Amino acid sequence: MLWFILRRCGSAVLVLFLSSVLIFLGIRALPGDPATVMAGQEASPAAVEAIRKEFGLDKPLPAQYVDYLGQTLTGNFGRSTQDQIPVAEILAERLPVTLELSALAMLVAIVIGVGAGIVAAVRRGKFADYVATGFGLAGLSVPHFWLGLLGILLFAVTWRVLPASGYVPFTESPGQNLQRMILPAIVLGMGFAAILMRQTRSAMLGALSADYVRTARSKGLSETKVVGAHALRNSLTTVVTVLGLQLGALISGAVVTEQIFVIPGFGKLTVDAVLTRNYPVIQAVVLVTVIGYVLVNLLVDIAYAFLNPRIRLSGGGHD
(Lines give C-alpha, C1' and ligand atoms only; values in the text may rest on other atoms or scores of the structure.)
Protein backbone atom coordinates (compact mmCIF):
# COMPACT_ATOMS: atom_id res chain seq x y z
CA MET A 1 0.00 0.00 0.00
CA LEU A 2 2.87 2.40 0.81
CA TRP A 3 4.45 1.79 -2.59
CA PHE A 4 1.10 2.46 -4.28
CA ILE A 5 0.77 5.83 -2.50
CA LEU A 6 4.38 6.80 -3.32
CA ARG A 7 3.82 6.03 -7.00
CA ARG A 8 0.69 8.16 -7.09
CA CYS A 9 2.51 11.03 -5.31
CA GLY A 10 5.34 10.82 -7.83
CA SER A 11 2.87 10.99 -10.70
CA ALA A 12 1.18 13.99 -9.07
CA VAL A 13 4.50 15.86 -8.76
CA LEU A 14 5.28 15.17 -12.44
CA VAL A 15 1.86 16.45 -13.51
CA LEU A 16 2.33 19.62 -11.45
CA PHE A 17 5.76 20.25 -13.00
CA LEU A 18 4.46 19.81 -16.56
CA SER A 19 1.44 21.97 -15.73
CA SER A 20 3.68 24.77 -14.45
CA VAL A 21 5.61 24.68 -17.75
CA LEU A 22 2.41 24.83 -19.80
CA ILE A 23 1.00 27.67 -17.69
CA PHE A 24 4.24 29.66 -18.00
CA LEU A 25 4.44 29.21 -21.77
CA GLY A 26 0.71 29.71 -22.27
CA ILE A 27 0.68 33.09 -20.53
CA ARG A 28 3.63 34.27 -22.60
CA ALA A 29 1.98 33.04 -25.79
CA LEU A 30 -0.91 35.47 -25.34
CA PRO A 31 -0.99 38.19 -28.01
CA GLY A 32 0.55 41.52 -27.11
CA ASP A 33 3.47 42.58 -24.98
CA PRO A 34 2.76 42.04 -21.25
CA ALA A 35 4.94 45.01 -20.31
CA THR A 36 2.99 47.31 -22.63
CA VAL A 37 -0.31 46.04 -21.24
CA MET A 38 0.88 46.59 -17.66
CA ALA A 39 2.22 50.08 -18.38
CA GLY A 40 -0.70 51.21 -20.54
CA GLN A 41 -0.88 52.18 -24.17
CA GLU A 42 0.15 55.79 -23.46
CA ALA A 43 3.27 54.88 -21.48
CA SER A 44 6.69 55.94 -22.72
CA PRO A 45 9.23 53.39 -24.01
CA ALA A 46 11.34 54.02 -20.91
CA ALA A 47 8.42 53.15 -18.62
CA VAL A 48 7.69 49.97 -20.60
CA GLU A 49 11.35 48.96 -20.41
CA ALA A 50 11.40 49.61 -16.65
CA ILE A 51 8.39 47.31 -16.17
CA ARG A 52 10.01 44.69 -18.36
CA LYS A 53 13.12 44.72 -16.13
CA GLU A 54 11.04 44.79 -12.93
CA PHE A 55 9.16 41.62 -13.86
CA GLY A 56 12.18 39.94 -15.48
CA LEU A 57 10.62 39.96 -18.94
CA ASP A 58 13.93 41.03 -20.49
CA LYS A 59 15.53 37.69 -19.56
CA PRO A 60 15.55 34.56 -21.77
CA LEU A 61 12.54 32.25 -21.33
CA PRO A 62 14.48 29.51 -19.43
CA ALA A 63 15.75 32.09 -16.94
CA GLN A 64 12.24 33.53 -16.57
CA TYR A 65 10.85 30.06 -15.86
CA VAL A 66 13.51 29.36 -13.21
CA ASP A 67 12.61 32.65 -11.49
CA TYR A 68 8.90 31.88 -11.80
CA LEU A 69 9.31 28.36 -10.37
CA GLY A 70 11.49 29.56 -7.50
CA GLN A 71 9.04 32.29 -6.54
CA THR A 72 6.08 29.91 -6.80
CA LEU A 73 7.69 27.32 -4.53
CA THR A 74 8.11 30.01 -1.87
CA GLY A 75 4.50 31.18 -2.25
CA ASN A 76 5.47 34.43 -3.98
CA PHE A 77 3.15 34.90 -6.96
CA GLY A 78 4.16 38.51 -7.58
CA ARG A 79 1.91 41.57 -7.44
CA SER A 80 -1.30 42.38 -9.22
CA THR A 81 -0.73 44.74 -12.14
CA GLN A 82 -3.98 46.57 -11.36
CA ASP A 83 -3.46 47.65 -7.76
CA GLN A 84 0.01 46.29 -6.82
CA ILE A 85 -1.48 44.09 -4.08
CA PRO A 86 0.46 40.82 -3.56
CA VAL A 87 -1.26 38.05 -5.49
CA ALA A 88 -0.90 35.70 -2.52
CA GLU A 89 -3.07 38.05 -0.44
CA ILE A 90 -5.71 38.16 -3.17
CA LEU A 91 -5.75 34.36 -3.39
CA ALA A 92 -5.98 34.02 0.39
CA GLU A 93 -9.02 36.31 0.34
CA ARG A 94 -10.82 34.75 -2.64
CA LEU A 95 -9.99 31.05 -2.32
CA PRO A 96 -12.03 30.35 0.86
CA VAL A 97 -15.13 31.77 -0.84
CA THR A 98 -14.90 29.35 -3.77
CA LEU A 99 -13.99 26.46 -1.47
CA GLU A 100 -17.12 27.11 0.57
CA LEU A 101 -19.28 27.31 -2.55
CA SER A 102 -17.74 24.14 -4.00
CA ALA A 103 -18.13 22.24 -0.71
CA LEU A 104 -21.80 23.21 -0.42
CA ALA A 105 -22.40 22.35 -4.08
CA MET A 106 -20.73 18.97 -3.64
CA LEU A 107 -22.84 18.32 -0.53
CA VAL A 108 -25.98 19.09 -2.55
CA ALA A 109 -24.78 16.84 -5.36
CA ILE A 110 -23.98 13.91 -3.08
CA VAL A 111 -27.21 14.08 -1.10
CA ILE A 112 -29.47 14.48 -4.15
CA GLY A 113 -27.47 12.53 -6.72
CA VAL A 114 -26.52 9.47 -4.69
CA GLY A 115 -29.91 9.37 -2.98
CA ALA A 116 -31.81 9.57 -6.27
CA GLY A 117 -29.51 6.98 -7.85
CA ILE A 118 -30.14 4.49 -5.06
CA VAL A 119 -33.91 5.00 -5.23
CA ALA A 120 -33.89 4.68 -9.03
CA ALA A 121 -31.95 1.41 -8.89
CA VAL A 122 -34.03 -0.13 -6.11
CA ARG A 123 -37.29 0.98 -7.80
CA ARG A 124 -36.19 0.13 -11.30
CA GLY A 125 -38.97 0.44 -13.87
CA LYS A 126 -41.32 2.18 -11.44
CA PHE A 127 -42.48 5.77 -11.06
CA ALA A 128 -39.57 6.78 -8.80
CA ASP A 129 -37.10 5.49 -11.39
CA TYR A 130 -38.72 7.55 -14.14
CA VAL A 131 -38.71 10.67 -11.97
CA ALA A 132 -35.03 10.24 -11.06
CA THR A 133 -34.06 9.53 -14.68
CA GLY A 134 -35.97 12.60 -15.83
CA PHE A 135 -34.19 14.68 -13.20
CA GLY A 136 -30.85 13.37 -14.44
CA LEU A 137 -31.66 14.26 -18.04
CA ALA A 138 -32.83 17.76 -17.05
CA GLY A 139 -29.76 18.34 -14.88
CA LEU A 140 -27.42 17.44 -17.74
CA SER A 141 -29.32 19.56 -20.26
CA VAL A 142 -29.92 22.82 -18.37
CA PRO A 143 -26.91 25.20 -18.39
CA HIS A 144 -25.77 26.83 -15.16
CA PHE A 145 -26.42 30.40 -16.25
CA TRP A 146 -30.04 29.68 -17.17
CA LEU A 147 -30.69 27.78 -13.96
CA GLY A 148 -29.10 30.60 -11.97
CA LEU A 149 -31.24 33.26 -13.60
CA LEU A 150 -34.34 31.13 -13.08
CA GLY A 151 -33.45 30.66 -9.42
CA ILE A 152 -33.04 34.42 -8.94
CA LEU A 153 -36.37 35.06 -10.69
CA LEU A 154 -38.26 32.56 -8.53
CA PHE A 155 -36.61 32.75 -5.09
CA ALA A 156 -35.43 36.37 -5.04
CA VAL A 157 -37.88 38.30 -7.25
CA THR A 158 -41.16 36.34 -7.15
CA TRP A 159 -41.16 34.66 -3.72
CA ARG A 160 -38.54 36.90 -2.03
CA VAL A 161 -37.25 34.19 0.28
CA LEU A 162 -33.56 34.43 -0.68
CA PRO A 163 -31.22 37.29 -1.65
CA ALA A 164 -30.57 37.73 -5.37
CA SER A 165 -26.81 38.24 -5.09
CA GLY A 166 -23.96 39.33 -2.87
CA TYR A 167 -21.75 37.67 -0.28
CA VAL A 168 -21.36 37.92 3.49
CA PRO A 169 -18.34 36.20 5.13
CA PHE A 170 -19.21 33.32 7.44
CA THR A 171 -17.18 34.89 10.25
CA GLU A 172 -19.34 38.03 10.15
CA SER A 173 -22.78 36.38 10.03
CA PRO A 174 -23.17 32.61 9.58
CA GLY A 175 -26.89 32.94 8.95
CA GLN A 176 -26.53 35.63 6.27
CA ASN A 177 -23.68 33.68 4.71
CA LEU A 178 -25.68 30.47 4.32
CA GLN A 179 -28.73 32.41 3.17
CA ARG A 180 -26.74 33.94 0.32
CA MET A 181 -24.79 30.79 -0.56
CA ILE A 182 -27.57 28.19 -0.61
CA LEU A 183 -29.04 29.23 -3.97
CA PRO A 184 -25.65 29.37 -5.79
CA ALA A 185 -24.73 26.01 -4.24
CA ILE A 186 -27.95 24.41 -5.49
CA VAL A 187 -27.46 25.89 -8.97
CA LEU A 188 -23.84 24.67 -9.12
CA GLY A 189 -24.59 21.27 -7.60
CA MET A 190 -27.62 20.28 -9.70
CA GLY A 191 -25.65 19.36 -12.82
CA PHE A 192 -23.15 17.44 -10.71
CA ALA A 193 -26.02 15.68 -8.93
CA ALA A 194 -27.45 14.53 -12.27
CA ILE A 195 -24.15 12.91 -13.23
CA LEU A 196 -23.83 11.25 -9.81
CA MET A 197 -27.41 9.98 -10.06
CA ARG A 198 -26.82 8.29 -13.41
CA GLN A 199 -23.53 6.71 -12.33
CA THR A 200 -24.89 5.60 -8.95
CA ARG A 201 -27.96 4.05 -10.59
CA SER A 202 -25.84 2.18 -13.13
CA ALA A 203 -23.41 0.89 -10.47
CA MET A 204 -26.24 -0.10 -8.11
CA LEU A 205 -28.07 -2.02 -10.84
CA GLY A 206 -24.93 -4.03 -11.52
CA ALA A 207 -24.39 -4.68 -7.83
CA LEU A 208 -27.99 -5.67 -7.13
CA SER A 209 -27.81 -8.37 -9.81
CA ALA A 210 -24.51 -9.79 -8.53
CA ASP A 211 -24.20 -13.23 -6.95
CA TYR A 212 -23.12 -11.92 -3.54
CA VAL A 213 -26.32 -9.85 -3.25
CA ARG A 214 -28.46 -12.89 -4.10
CA THR A 215 -26.52 -14.84 -1.48
CA ALA A 216 -27.12 -12.13 1.12
CA ARG A 217 -30.85 -12.17 0.37
CA SER A 218 -30.97 -15.97 0.59
CA LYS A 219 -29.51 -15.71 4.09
CA GLY A 220 -32.55 -13.69 5.16
CA LEU A 221 -30.92 -10.28 5.49
CA SER A 222 -33.24 -7.29 5.37
CA GLU A 223 -33.50 -5.34 2.13
CA THR A 224 -32.09 -2.26 3.84
CA LYS A 225 -28.97 -4.14 4.91
CA VAL A 226 -28.58 -5.78 1.51
CA VAL A 227 -28.78 -2.44 -0.28
CA GLY A 228 -26.72 -0.42 2.20
CA ALA A 229 -24.08 -2.85 3.44
CA HIS A 230 -23.53 -4.84 0.24
CA ALA A 231 -24.76 -3.20 -2.96
CA LEU A 232 -24.03 0.43 -2.05
CA ARG A 233 -20.66 -0.31 -0.51
CA ASN A 234 -19.44 -2.03 -3.68
CA SER A 235 -20.84 0.79 -5.81
CA LEU A 236 -18.94 3.52 -3.97
CA THR A 237 -15.82 3.00 -6.08
CA THR A 238 -17.69 4.33 -9.09
CA VAL A 239 -19.12 7.24 -7.12
CA VAL A 240 -15.70 8.23 -5.72
CA THR A 241 -14.15 8.09 -9.19
CA VAL A 242 -16.86 10.35 -10.63
CA LEU A 243 -16.38 12.82 -7.77
CA GLY A 244 -12.73 13.24 -8.68
CA LEU A 245 -13.23 13.41 -12.43
CA GLN A 246 -15.98 16.02 -12.18
CA LEU A 247 -13.95 18.46 -10.10
CA GLY A 248 -12.90 20.31 -13.25
CA ALA A 249 -16.54 20.76 -14.26
CA LEU A 250 -17.32 22.00 -10.75
CA ILE A 251 -14.57 24.64 -10.98
CA SER A 252 -15.65 25.78 -14.45
CA GLY A 253 -19.26 25.94 -13.26
CA ALA A 254 -18.16 28.07 -10.31
CA VAL A 255 -16.84 30.70 -12.75
CA VAL A 256 -20.31 31.17 -14.27
CA THR A 257 -22.17 30.85 -10.96
CA GLU A 258 -20.01 33.42 -9.17
CA GLN A 259 -20.50 35.89 -12.02
CA ILE A 260 -24.29 35.50 -11.89
CA PHE A 261 -24.58 35.83 -8.10
CA VAL A 262 -21.75 38.41 -7.74
CA ILE A 263 -19.75 36.20 -5.39
CA PRO A 264 -16.14 37.42 -4.94
CA GLY A 265 -14.51 34.03 -5.37
CA PHE A 266 -11.96 32.38 -7.63
CA GLY A 267 -14.28 32.29 -10.62
CA LYS A 268 -15.00 36.02 -10.62
CA LEU A 269 -11.32 36.72 -9.97
CA THR A 270 -10.39 34.65 -13.03
CA VAL A 271 -12.81 36.49 -15.32
CA ASP A 272 -11.71 39.91 -14.05
CA ALA A 273 -8.02 39.00 -14.44
CA VAL A 274 -8.51 37.82 -18.02
CA LEU A 275 -10.48 40.94 -18.99
CA THR A 276 -7.78 43.23 -17.54
CA ARG A 277 -4.80 41.14 -18.74
CA ASN A 278 -3.60 40.76 -15.15
CA TYR A 279 -0.93 38.17 -15.96
CA PRO A 280 0.40 37.47 -12.42
CA VAL A 281 -3.13 36.81 -11.17
CA ILE A 282 -3.98 34.60 -14.16
CA GLN A 283 -0.85 32.52 -13.63
CA ALA A 284 -1.51 32.10 -9.92
CA VAL A 285 -5.21 31.27 -10.33
CA VAL A 286 -4.58 28.63 -12.99
CA LEU A 287 -1.69 27.08 -11.04
CA VAL A 288 -3.65 26.90 -7.77
CA THR A 289 -6.60 25.39 -9.64
CA VAL A 290 -4.34 22.72 -11.16
CA ILE A 291 -2.82 21.97 -7.75
CA GLY A 292 -6.28 21.53 -6.25
CA TYR A 293 -7.39 19.29 -9.10
CA VAL A 294 -4.28 17.10 -8.83
CA LEU A 295 -4.54 16.81 -5.04
CA VAL A 296 -8.22 15.84 -5.18
CA ASN A 297 -7.52 13.18 -7.80
CA LEU A 298 -4.62 11.89 -5.70
CA LEU A 299 -6.96 11.52 -2.74
CA VAL A 300 -9.50 9.81 -5.01
CA ASP A 301 -6.87 7.30 -6.15
CA ILE A 302 -5.95 6.51 -2.53
CA ALA A 303 -9.61 6.24 -1.48
CA TYR A 304 -10.30 4.04 -4.51
CA ALA A 305 -7.51 1.71 -3.44
CA PHE A 306 -8.95 1.46 0.08
CA LEU A 307 -12.42 0.69 -1.28
CA ASN A 308 -11.11 -1.84 -3.81
CA PRO A 309 -7.99 -3.67 -2.54
CA ARG A 310 -7.50 -5.33 -5.95
CA ILE A 311 -6.51 -1.93 -7.39
CA ARG A 312 -3.61 -1.41 -5.02
CA LEU A 313 -2.50 -5.01 -5.32
CA SER A 314 -2.46 -4.95 -9.11
CA GLY A 315 -1.13 -1.42 -9.58
CA GLY A 316 0.94 -0.75 -6.54
CA GLY A 317 3.54 -3.50 -6.51
CA HIS A 318 4.53 -4.98 -3.15
CA ASP A 319 3.64 -3.27 0.13
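The model I looked at is a predicted one.

**Entry 1: elements.** I counted 14 helices and 0 strands in the chain. Read from the N terminus, the order is α-α-α-α-α-α-α-α-α-α-α-α-α-α.

**Entry 2: overall extent.** I looked up the span of the C-alpha trace along its principal axes and found about 85 × 60 × 35 Å. The chain has 319 residues, and 38% of them count as buried.

**Entry 3: annotated regions.** I checked the UniProt record, an unreviewed entry, for "transmembrane region". That annotation covers residues 12-30, 101-122, 134-158, 178-197, 239-261 and 281-307. I looked at two of these stretches in the model. Residues 101-122 are 100% helix and 0% strand, with 31 Å between the end C-alpha atoms. Residues 178-197 are also 100% helix and 0% strand, and there the end C-alpha atoms lie 25 Å apart.

**Entry 4: charges.** I noted 24 positive and 18 negative charges, whose mean positions are 16 Å apart. Side chains of opposite charge can pair when their charged atoms come close. I found 6 salt bridges in the structure, and I wrote down some of them.

**Entry 5: R52 and E49.** The side chains of R52 and E49 form a salt bridge at 3.0 Å, N to O. Both residues sit in helix α3 (residues 45-54), 3 residues apart, which is about one turn of the helix. Is R52 buried or exposed? R52 counts as buried because its relative accessibility is 19%, and the cut-off for buried is under 20%. E49, at 33%, counts as partly exposed.

**Entry 6: R214 and D211.** I found this salt bridge at 2.1 Å, N to O. R214 and D211 are 3 residues apart in helix α9 (residues 211-218), so about one helical turn separates them. R214 is partly exposed at 45% relative accessibility, whereas D211 is exposed, with a relative accessible area of 54%.

**Entry 7: K268 and D272.** The side chains of K268 and D272 meet in a salt bridge of 3.3 Å, N to O. Here the two residues are 4 apart in helix α12 (residues 266-275), again about one helical turn. K268 is partly exposed at 22%, and D272 is partly exposed at 30%.

How values were computed. Residues numbered from 1 in each chain as written. Predicted model: local features only at pLDDT ≥ 70, side-chain atom pairs only at ≥ 80, totals over all residues. Heavy atoms only, no water. Buried < 20%, exposed > 50% of the residue type's maximum accessible area, 1.4 Å probe, protein only. Lys, Arg positive; Asp, Glu negative; His and termini not counted. Charge placed at Lys NZ, Arg CZ, Asp CG, Glu CD. UniProt positions renumbered as here; feature names shortened; annotations may be inferred. Salt bridge = Lys/Arg side-chain N within 4 Å of Asp/Glu carboxyl O.
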